Amino acid sequence: MLMSQTITHGTSRKSFRGFFRGENSKLKVGGKTGSLTGMDPPGKYDWFVGYAGEGNRRIAIAALTIHDKLWRVKSSYLARRAIENYFQGQRFHEKSVAQK
């Protein structure tokens with residue numbers, strides 16, 4: 001429950017804004033974010049670990065970005081895109097098989 005609140009009300013809410021419309025409305029998604037400063041390579045590290053699932057289809061994901069001085073793209077946004085692509089690919093495959 002707490003990981004799903006990270007997506008809807010917490011640190012990833014901006015990255016997942018509008019995500020649960022249409023075909024994604026049934027997905028269960030949760031995650032955890034974090035950041036730190038590292039020296040090898042030097043920069044600001046931003047990370048996201050999470051999951052998404054609908055029925056028997058599930059995915060676990062981890063994303064890490066390292067930024068020089070400015071945050072360019074957040075790891076939670078990269079995770080959102082990966083989740084969208086994974087489930088869109090699954091739905092496309094199911095539709096193709098159903099048409100045969």
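Q: Is Glu23 buried, partly exposed or exposed, and what is its relative accessible area?
A: In this predicted model, Glu23 sits in the loop between helix H1 (2-8) and strand S1 (28-39). Buried means under 20% relative accessible area and exposed means over 50%, with partly exposed in between. Glu23 falls between these cut-offs, so the residue is partly exposed, with a relative accessible area of 45%.

Q: What distance separates the C-alpha atoms of Glu23 and Gln88?
A: Along the chain, Glu23 and Gln88 are 65 residues apart.

Q: Which element gives the largest share of the largest nonpolar core?
A: The core has 12 residues in all, including Phe16, Val29, Phe48 and Ile59. The largest share, 3 residues, comes from H2.

Q: Which residues are in contact with Ile83, leaving aside its neighbours within four places in sequence?
A: Ile83 is one of the residues of the largest nonpolar core. Contact here means heavy atoms within 4.5 Å. With the sequence neighbours set aside, the contacts of Ile83 are Phe16, Phe19, Leu27, Val29, Ala52 and Ile61.

Q: What pattern does the chain follow, read along the sequence?
A: The chain contains 2 helices and 3 strands. Read along the sequence, these elements follow the pattern α-β-β-β-α.

Definitions and conventions:
Residues numbered from 1 in each chain as written. Predicted model: local features only at pLDDT ≥ 70, side-chain atom pairs only at ≥ 80, totals over all residues. Heavy atoms only, no water. Core = buried A, V, L, I, M, F, W, Y, C linked by side-chain atoms within 4.5 Å. Buried < 20%, exposed > 50% of the residue type's maximum accessible area, 1.4 Å probe, protein only. Helix = DSSP H or I, 4+ residues; strand = E, 2+ residues; numbered from the N terminus.
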